[in-house]
Amino acid sequence: MPHTHLDDDHASPVCPAQIVQLHEPMPALGQDELWDQLREQHGPVVPVELEPGVRAWLLLGYQESLGVLQSPHMFSRDTRRWRAVAEGRVNLSRPTFSWRPNALYADGAVHTRLRTPIVDSLSRIDMAAAERTVRRIAHDLVDSFVANGSADLISEYADPLPVLVINRLYGLPDSYGHMLGDLTGTIFDEDPERGEDAVARIHQYFTGLVDRKRKNPGHDLVSWMLQHPVGLDDDEVAHQAALVSNASHQPTTHLIGNTLWTLLSNTRVRAAHTDARLSVQELLDHVMWRNTPFQILLGRIALQDVRIGRATIRAGDALLIGLGPAHRDPTVQKGHDDSDTGLTDGSRAHLVFGAGPHSCPAKEQARLIAATGISVLHERLSGLQAAVPLEDLRWNHPPLLRGLRTLPVTFLPDEPLSPRQKVSDAPEVEEVPASEADTAEGDVLGRLLNWWRNLRF
């Protein structure tokens, strides 16, 4: 095949027949075969179209994806450098093609300045106390449905668990976490107006949170970021706090959901986990290799012309990091044998948490939430099975995201735990009493909570 490069219609475009249209509907579980076919046809990188007229390169190879992630001098995270943005063909205010003034979209010294308070503040979390807090929140969620003998483990468990934990790390009671979870889940709503309104409301949440913590600091992530010697202003802290929430919520929700789906659909993996031959951490790594929630991420913008495989990447081209395709690359799957537990060789080498200067600073917290969440369900729900045929389950937004919309299950009904059974004598993450926080109705955050309550109830 001749060398190709991606461009608009003005100069040497890629043959339209070669461009894979990712906006065409496709089944979530059928895309693994698509990645393999594209690798055979195009090598480690393929031209794709995200929407009509919006083109990018999709990286299919593991080493190629890793190389791009580890080369910030050649590939920028700042989506404003995308040629399609400069030419007005892409609007970065949309959630799908976004730019925000946070560490995720920054390079160089700006990135270091914005990221350092995040990393240092996360390092101050007492992980033992955090684990106990995650466990108690998980038990509370299970208690809300365990007597029924049935539940939707996405909407009733996997979705609220991460955001409630994150909200607690921000020093707020659960009512604010439920509100934030509702807003976050609406960002990618099929109704674009609802999505845009949710983005605006989430910004209110974080500006209000920062304002409250500036006036009344506590032992929490936002207070620590405000006190950091780097000296971020209030707006900068709000955007970094929003980044931590966005990066932790949906990915962790679907990591939990996809892990539950794996346990329900793969009897060998489930038996290995039940028999303690496969730890919960190894189970999560298996899922991150084989059923990673985010299959494709809008990853980098080329800063110079470069060749990858058969393709000529031009400065200003966008590259998508294909996590799903990279994890199926034969060069990292060679010699794999899942006859026993379904584990992939080199289980911690997956790219789910990124690599290089933009690697996820909250990966340990995310793993803690997911692992504890799975463990609590394993302890509490006996006779767990899917309530519908697994092939009838609906998946979110393939091929970019592989996450279940719902996961209806049945199990043996049981009694909720008593408060004494859920509370440990050891310390947890500091909790602000709901009555104390809710007295601040006159501030931005309090007014937002009242708006949400009136809307919901």
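Modeller: A polar contact is a pair of N or O atoms within 3.5 Å; within protein, one must be able to donate a hydrogen and the other to accept it, and residues adjacent in sequence count only if both atoms are side-chain atoms. Here the side chains of His 358 and His 111 form such a contact at 3.4 Å. The side chain of His 358 also reaches the backbone oxygen of Ala 106, at 3.0 Å. This is a predicted model, in which local features need pLDDT of at least 70 and side-chain atom pairs count only at pLDDT 80 or more, while totals for chains, interfaces and linings use all residues. Residues are numbered from 1 along each chain as its sequence is written, and side-chain values use heavy atoms, with hydrogens and water left out.

Colleague: Is His 358 buried or exposed?

Modeller: Buried means under 20% relative accessible area, exposed over 50%, partly exposed in between (1.4 Å probe, protein chains only). His 358 counts as buried because its relative accessibility is 16%.

Colleague: Which residues is His 358 in contact with, leaving aside its neighbours within four places in sequence?

Modeller: Contact means heavy atoms within 4.5 Å. With those neighbours left aside, the partners of His 358 include Arg 77, Asp 107, Arg 115 and Arg 300.

Colleague: Where is the place of His 358?

Modeller: Helices are DSSP runs (H or I, at least four residues), numbered from the N terminus. His 358 sits in the loop between helix 15 (330-333) and helix 16 (363-380).

Key:
Helices (H or I, at least four residues) and strands (E, at least two) are DSSP runs, numbered from the N terminus.
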